[in-house]
Amino acid sequence: MPDEKRLRIAPQLAQRAREFRRPLTPMEARLWAYLRGHRCGGFKFRRQVVLGRYIADFCCSEVRLVVEVDGLSHNASVERDAVRDEYLALRGYATLRVANTDVRDNLEGVLIHIARVCAERNASQSDAAIPSQADP
């Protein structure tokens with residue numbers, strides 16, 4: 001959304017995001033090694049990104065995709081995650097949740113899935129930008 005105003009980030013939230021960047025969980029670090037530097041389908045990801053009042057594990061702003069690596073602790077926060085996902089969806093972001101076990105046991109499959117979702121979102125954004133022409 002080009003005309004979207006940049007939100008001012010609360011200094012406390014920005015500081016927390018910086019702190020989260022240092023000690024990535026082992027599974028976040030494993031995934032980050034393959035997401036960084038346009039390595040996943042050519043899409044740029046950033047880590048520990050402030051989006052409104054939340055911090056996303058990984059974010060591709062180009063296609064407005066958030067990737068969250070969830071461990072066992074997220075099983076207890078399903079409702080909170082749903083509220084967060086809705087908040088992000090209202091701002092145009094899709095949330096893709098991947099389990100720690102999937103990153104550990106099926107990293108290639110996770111990366112293929114992320115790249116596929118990015119490509120689909122990119123294609124749908126491109127389709128929306130092309131004005132349709134009436135048939136003669």
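Two strands count as paired if DSSP finds at least two bridges between them, and helices (H or I, at least four residues) and strands (E, at least two) are DSSP runs numbered from the N terminus. This is a predicted model, where local features need pLDDT of at least 70, side-chain atom pairs count only at pLDDT 80 or more, and totals for chains, interfaces and linings use all residues. Residues are numbered from 1 along each chain as its sequence is written, and side-chain values use heavy atoms, with hydrogens and water left out.

**View 1. E2 and E3, joined antiparallel by three bridges.** Cys60 has Leu65 in E3 as its bridge partner. Four residues sit between the strands of this hairpin, and Arg64 takes a positive phi near 55 degrees.

**View 2. E1 (residues 46-51) against E2, antiparallel over five bridges.** Here Val49 stands opposite Ala56 of E2. The hairpin has two residues between its strands, with Gly52 in the turn at a positive phi of about 65 degrees. As for E2, seven of its seven residues are buried (under 20% relative accessible area, 1.4 Å probe, protein chains only).

**View 3. The largest nonpolar core, with 23 residues.** Such a core is a set of buried Ala, Val, Leu, Ile, Met, Phe, Trp, Tyr and Cys residues joined through side-chain atoms within 4.5 Å. Leu31, Phe45 and Ile114 are among those with the most contacts inside it. Helix H5 (107-129) is one of the elements supplying at least two residues, and H5 gives the most, six.

**View 4. Leu31 and its contacts (heavy atoms within 4.5 Å).** Leaving aside neighbours within four places in sequence, Leu31 touches residues including Phe58, Val67, Val98 and Ile114.

Technical notes. Buried < 20%, exposed > 50% of the residue type's maximum accessible area, 1.4 Å probe, protein only.
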